[in-house]
Amino acid sequence: MSNGNNNGWETVIGLEIHAQLSTESKIFCGCSTRFGDEPNANTCPVCLGLPGALPVLNRRAVELGARAALALGLKINHRSIFARKNYFYPDLPKGYQISQFDQPFSANGTLEIMTARRDEAGHPQEWQPKTIRITRLHLEEDAGKNVHEGLPDVDRFSYIDLNRAGTPLAEIVTEPEFRNSWEAHDYVNHVRRALRWVGASEADMEKGNLRCEANVSVRRAGDDKFGTKVELKNLNSVRFMQRAIEFEVERQIALIESGGRVLQETRLWDERAGETRVMRSKEEAHDYRYFPEPDLAPLVVSDEFIENVRAAMPELPEARRQRFMEQYQLSFSDASQLTAERSLADYYEKAAEISGNARAAANWIRSELLRELEAAGITAGESPVSATELGQLLRVIEEGKISGKQAKDVLVEMFKTGKSAATIIEEQGLVQVSDTGEIDHIIDDVLAANPGQLQSYRDGKETLFGFFVGQVMKASKGKANPRIVNERLKAKLAG
Ligand SMILES: [Zn+2]
């Protein structure tokens with residue numbers, strides 16, 4: 001992925017995110033939002049759009065919409081209006097979608113994200129803050145789904161599943177703020193983490209409860225006017241989004257440089273072919289004829305409502321990252337990694353407290369624990385080794401009962417078997433030898449077995465110290481306490 005240096009061309013990207021709010025029922029009726037039920041099982045006259053059915057706003061959807069807005073640092077309008085967005089499509093039985101238009105739930109906000117240029121391998125270089133202007137965050141209902149696969153006669157028929165129709169969404173739209181696909185990547189990840197963190201949305205792109213669209217254009221560096229933008233859809237992961245943006249930027253630059261003109265159109269990303277394809281052009285674009293939804297009163301939220309929502313929210317990720325840096329002396333990158341997800345941040349704080357060593361807890365979680373969690377495909381909240389158990393394991397190392405190397409094997413075993421550290425240490429006889437007499441005895445044997453090296457060392461070849469440490473550790477089968485081996489070996493070699 002490039003950082004947007006394209007020989008005098010500048011990339012301009014705006015993003016729209018649709019996040020499904022984690023309510024149990026739909027936004028304007030009591031039907032379940034459960035995923036994976038029998039097609040059309042969760043429907044009623046309201047979400048089927050039957051004549052005379054009236055929508056009733058789900059209070060929980062408004063609360064979660066407010067959580068989403070507050071988690072992104074956005075202001076909530078005390079009064080917003082639902083509007084009908086009129087268009088015809090088979091998955092939209094009413095013939096219109098209830099959304100918000102000129103008086104949305106939140107408008108004209110700003111959001112500060114951290115973003116970094118990447119090296120060739122995609123590793124972040126220096127992280128920098130960047131302010132993103134958020135045009136709007138509004139509430140709306142989702143449409144149903146057309147099904148073209150897995151059913152009889154799909155070559156002749158299309159099927160419609162309306163279970164999803166009426167599911168609450170928050171749509172978050174940015175100004176054209178991004179200059180390369182990494183900035184877009186960092187923004188989407190920021191939003192995704194924030195929404196998950198406060199429980200507003202599962203925000204899982206693979207499950208489709210977070211969907212993203214990108215408006216992409218290019219212009220000559222220094223131009224004030226934007227180029228013609230193309231809307232990209234079907235971006236089912238952050239990676240696909242980046243690939244689609246990169247493809248599109250190259251396509252547009254090549255088109256203009258060869259004397260062509262970019263057309264305003266909607267294009268779909270085809271991951272298999274690795275290209276974008278025209279879905280519809282401007283000429284086919286809809287005129288939605290928005291007008292206020294007559295069946296719903298204006299949405300009025302009081303300061304008290306907003307404050308109650310805010311008070312029920314956890315400490316937000318950026319605040320927590322900052323606190324981790326100050327309270328535990330962690331670097332920005334360590335603190336960022338440990339606040340990538342709320343259950344991981346909780347896990348870290350608990351392990352730091354139990355172990356009494358915040359630095360060791362950070363190191364162990366970042367290297368050993370995360371590797372096991374990733375391999376198992378689970379979150380810190382689901383870890384078979386609890387934060388308390390990890391904290392206790394770190395204490396055992398601190399007390400010199402087992403070595404760090406032994407502890408790594410113990411952790412893997414704990415992860416596999418769910419047994420406690422104490423049980424595994426006992427079962428495997430993994431006790432570190434800290435008895436000075438015993439270690440002295442091993443050292444004497446090693447020195448006696450290597451008279452040549454001993455002479456060289458005493459003649460001034462001090463680099464041989466490491467050799468002796470290695471021999472002693474080997475003779476103790478890795479059980480000798482390295483700190484004591486070092487101390488005693490120095491004394492013996494000197495004498
Ligand atoms: Zn319904």
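At what angle do the axes of helix α8 and helix α9 cross? In this predicted model, local features need pLDDT of at least 70 and side-chain atom pairs count only at pLDDT 80 or more, while totals for chains, interfaces and linings use all residues. Residues are numbered from 1 along each chain as its sequence is written, and side-chain values use heavy atoms, with hydrogens and water left out.

The axes of α8 (residues 358–376) and α9 (residues 387–398) cross at roughly 115° and come within 11 Å. Axes are lines fitted to C-alpha atoms, for helices over the stretch in contact, and angles run from 0 to 180 degrees between N-to-C directions. Helices are DSSP runs (H or I, at least four residues), numbered from the N terminus. The crossing of α8 and α9 is right-handed (the near helix is turned clockwise from the far one by less than a right angle). On α8, Ala-360, Ala-361, Trp-364 and Ile-365 make the contact. Their partners on α9 are Leu-390, Leu-393, Leu-394 and Ile-397. Contact means heavy atoms within 4.5 Å. By class, this contact has eight nonpolar, no polar and no charged residues. Ala, Val, Leu, Ile, Met, Phe, Trp, Tyr, Cys and Pro count as nonpolar, Asp, Glu, Lys and Arg as charged, and the others, Gly among them, as polar.

Helix α2 (residues 181–197) packs on helix α3 (residues 238–257) at about 155°, with axes 9 Å apart. This angle makes α2 roughly antiparallel to α3 (over 145 degrees). The crossing is right-handed. Contact residues of α2 include Trp-182, His-185 and Arg-192. Those of α3 include Met-241, Ile-245 and Glu-246. The contact of α2 with α3 has six nonpolar, four polar and two charged residues.

Helix α14 (residues 465–475) and helix α15 (residues 482–494) pack at about 125°, with axes 10 Å apart. The contact divides into nine nonpolar residues, one polar and one charged.

A zinc ion is coordinated by the SG atoms of Cys-29, Cys-31, Cys-44 and Cys-47, at 2.3 to 2.4 Å. Donors are N, O and S atoms within 2.8 Å of the metal (3.2 Å for Na, K and Ca). Along the chain, the zinc donors follow the spacing C-x1-C-x12-C-x2-C. The four donor atoms subtend angles of 100 to 116°, so the arrangement is tetrahedral (four donors, all angles between 85 and 135 degrees).

Terms used: Helices (H or I, at least four residues) and strands (E, at least two) are DSSP runs, numbered from the N terminus. Angles under 35 degrees count as roughly parallel, over 145 as roughly antiparallel, 65 to 115 as roughly perpendicular and the rest as oblique. Four donors count as tetrahedral if all angles lie between 85 and 135 degrees; four count as square planar and six as octahedral if opposite donors are over 155 degrees apart and all others between 65 and 115; anything else is irregular.
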